[in-house]
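Please look through the sequence and the model shown here before reading the notes that follow.

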Amino acid sequence: MFYLTTAIDYTNGAPHIGHAYEKVLADVIARYRRLRGDEVYFLTGVDQHGQKVQQTAEKEGVHPATFANRNTKLFLNLWKKLGLDYDGWAATTDERHVTCVQRILTRLKERGELYKKAYRGHYSVRQEQFLTDKDRGADGEFGPEWGEVVEIEEENWYFRLSDHAEWLRRWVTSTEDCVVPDFRRRELIGALDRAGEADLCISRPKERLRWGIELPFDPDYVTYVWFDALINYISFAGYPGNDSDAADDSLPDFKSLWPADAHIIGKDILVPAHGIYWPCMLHAMGFTDEEMPTLLVHGWWNIRGEKMSKSLGNVVDPDALADRFGPDALRYYLVRDITTGKDADFDAERLVMLYNQELANELGNLCNRALNMTARFCGSTVTTGAEPDAEDQALRDSCASSVEAYREAMDRYDIAAALRAISGHVTACNAYAERNKPWELSKDPAGKERLQAVLAHLVESVAHAAVLISPVLPEPAARLARQLRLDDLLERKLDELAWGLVPDGHATGKPKPVFPRIVVDVVEEAAGTDAD
Ligand code: MSP
């Protein structure tokens with residue numbers, strides 16, 4: 001089983017383009033693994049607890065639960081609009097998750113991994129958080145952004161993170177693929193020097209935070225939001241498993257899912273949350289090295305080199321983009337114009353350009369002309385018998401090598417390179433059509449056999465492209481398959497892709513535009529940012 005998860009999104013606001021990217025990336029990988037023949041479990045969800053949600057809810061004068069549920073709906077609606085096909089929904093207020101977190105806390109306490117101690121330090125009343133020396137300005141003082149800063153003493157529960165620091169260092173340095181891409185693993189190794197310095201505070205007194213999971217052994221406290229949120233990856237995977245009395249039939253079988261093959265997260269939450277806290281938490285629970293998950297770390301979408309943020313007013317709204325350009329154009333762009341692991345600049349003009357160029361002009365055009373000419377010149381019948389000439393053979397080779405390049409790129413999560421591999425072959429097909437001119441061959445009865453061969457090559461290539469593009473664009477791929485009248489085309493696995501998907505004598509359907517061109521003058525308006 002290929003078990004794939006994403007970060008769970010904070011519900012203190014509406015989804016933005018970064019959230020949409022991560023979830024589309026995960027959906028594409030899940031669909032690709034299915035195409036590879038794997039059984040897949042894809043988990044995504046929302047992070048509903050914590051101070052940010054409580055604070056924003058209070059500002060709006062509503063209960064945090066009402067507020068979190070309202071925002072959760074925005075995420076659910078967007079995922080529906082973008083055609084995400086996930087198997088599990090991790091919402092951290094779910095009773096099953098709450099129960100699991102509390103069991104884990106109890107267990108860790110029994111194992112001596114948790115202790116209570118008093119901490120004295122500087123506390124920002126406005127930001128409701130303890131400050132460290134890193135928060136001081138150049139003058140050594142806490143700046144005005146912190147508001148009133150007071151010295152307080154507070155008792156809290158701590159997790160013995162530092163006891164696991166040595167193990168973590170050994171594991172991360174000796175396990176090549178524990179973080180992908182490798183430069184992010186090196187980044188994590190660099191950050192490990194400080195991992196053993198302090199233990200992790202995992203509680204918040206209810207006086208300052210009520211919106212969280214209560215500590216089962218100390219009801220005056222709730223669980224720190226990260227400690228709660230990270231556990232979603234196992235709580236919604238059925239942990240602790242079927243052989244314990246805590247088994248829950250509504251959850252998957254933990255043994256068959258764990259360890260996760262890919263936790264898909266952004267670069268900002270690698271250190272310390274996923275790269276330090278999470279493996280140490282698992283280690284403390286008794287998970288072995290072989291039972292550690294793999295992290296797939298993606299980069300960020302920025303706006304003209306700058307971070308997207310509400311205060312800069314440059315947050316891009318994926319919902320509006322999907323409405324304006326269609327979910328297919330948005331899905332395509334989000335995985336086509338970024339290299340997994342690196343950052344990219346979001347640019348609505350490029351979204352339109354890439355869609356129009358690679359989908360409308362190239363793939364859409366190829367499908368349209370192949371089916372149109374097969375209908376007009378060959379009575380909608382594909383005839384495949386002829387021996388391939390050198391040019392046909394070159395096209396078949398191009399098709400086979402595009403499948404190989406696609407597989408190689410997808411296996412290392414480089415979706416953009418995989419899409420370029422498809423486009424490369426589609427462009428070769430359109431050039432082949434231009435050179436062989438089936439529209440002229442059709443005028444001469446002596447050209448009939450050649451005409452049939454050329455069109456058969458084009459139709460066959462469309463069938464290949466439909467399968468290959470299906471993880472990124474499932475709906476358009478299904479439309480291509482329907483027009484080809486190949487009902488079970490998309491049930492094929494990647495290994496079954498070989499020349500000859502379209503049998504001799506096959507009757508194709510009528511072409512209808514699968515990728516209608518986007519008209520450019522709407523770009524400016526739709527790229528509008530949500531400046532709140
Ligand atoms: N709730 C935590 C994650 C808990 S996981 C146990 C969180 N939430 S978040 O809403 O702030 O971010 C959710 C995901 O979106 C993270 O993986 C984050 O890296 C990603 N992104 C946030 N902004 C992004 C971009 N501008 N671009 C790409 N991804 C970005 O962190």
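By a rule that asks for a side-chain nitrogen of Lys or Arg within 4 Å of a carboxyl oxygen of Asp or Glu, the count of salt bridges comes to 33. The model is a predicted one, in which local features need pLDDT of at least 70 and side-chain atom pairs count only at pLDDT 80 or more, while totals for chains, interfaces and linings use all residues. Residues are numbered from 1 along each chain as its sequence is written, and side-chain values use heavy atoms, with hydrogens and water left out.

**Salt bridges**

- Arg369 and Glu434 form a salt bridge in which the closest N and O atoms are 2.5 Å apart.
- This pair links distant parts of the chain, since Arg369 lies in helix α13 and Glu434 in helix α15 (residues 415-436), 65 residues apart; helices here are DSSP runs of H or I with at least four residues, strands are runs of E with at least two, and both are numbered from the N terminus.
- Arg369 is buried, with a relative accessible area of 13%, whereas Glu434 counts as partly exposed at 40%; buried means under 20% relative accessible area, exposed over 50%, and partly exposed in between, with a 1.4 Å probe and protein chains only.
- Salt bridges that share partners join Glu176, Asp182, Arg185 and Arg186 into one network.
- Within that group, Arg185 forms a salt bridge with Glu176, the closest N and O atoms being 4.0 Å apart; Arg185 counts as buried at 7% relative accessibility, while Glu176 is exposed at 58%.
- A further salt bridge, at 2.9 Å from N to O, brings together the side chains of Asp94 and Arg96, and of these Arg96 is partly exposed, with a relative accessible area of 28%.

**Nonpolar cores**

- In soluble globular proteins, nonpolar side chains tend to be buried together.
- A nonpolar core is taken here as a set of buried Ala, Val, Leu, Ile, Met, Phe, Trp, Tyr and Cys residues joined through side-chain atoms within 4.5 Å, and the largest such core has 101 residues, of which Phe346 and Tyr406 touch the most other members.
- Helix α13 (residues 348-378) gives the most to this core, with 14 residues.
- A second, separate core holds 63 residues, including Leu43, Leu161, Trp167 and Ala260.
- Leaving aside neighbours within four places in sequence, Tyr406 is in contact, meaning heavy atoms within 4.5 Å, with Tyr32, Leu35, Ala418, Ala421, Ile422, Leu468, Pro471 and Leu494.

**A four-stranded sheet**

- Four strands make an open sheet in the order β6-β5-β7-β9, with antiparallel pairing; two strands pair if DSSP finds at least two bridges between them.
- β6 (129-131) and β9 (200-201) stand at the edges with a single partner strand each, so one side of each is left without a neighbour in the sheet.
- Strand β7 (residues 149-159) pairs with β9 in the antiparallel sense over two bridges, and the bridge partner of Tyr158 in β9 is Cys201.

**Helix α10**

- Helix α10 (residues 270-285) has a kink of about 30 degrees at Tyr277, shortly before the proline Pro279; the bend at a residue is the angle between axes fitted to the seven residues ending there and the seven starting there.
- This helix is mostly covered, with 13 of its 16 residues buried, and α10 is followed by Gly286, whose phi is positive, near 105 degrees.

**Two individual residues**

- Asn302, placed in strand β15 (residues 301-302), counts as buried at 12% relative accessibility.
- Not counting residues up to four places away in sequence, Asn302 touches Lys307, Asp343, Ala344, Asp345 and Phe346.
- Val62, found in the loop between α2 (51-60) and α3 (64-81), counts as partly exposed at 24% relative accessibility, and beyond residues up to four places away in sequence it touches Ala57, Phe67 and Arg70.

**The chain as a whole**

- The secondary structure of the protein chain comes to 19 helices and 16 strands, and buried residues make up 54% of its 532 residues.
- Along its principal axes, the C-alpha trace spans about 95 × 50 × 40 Å.
- Among contacts between residues at least 6 apart in sequence, 76% join residues at least 24 apart.
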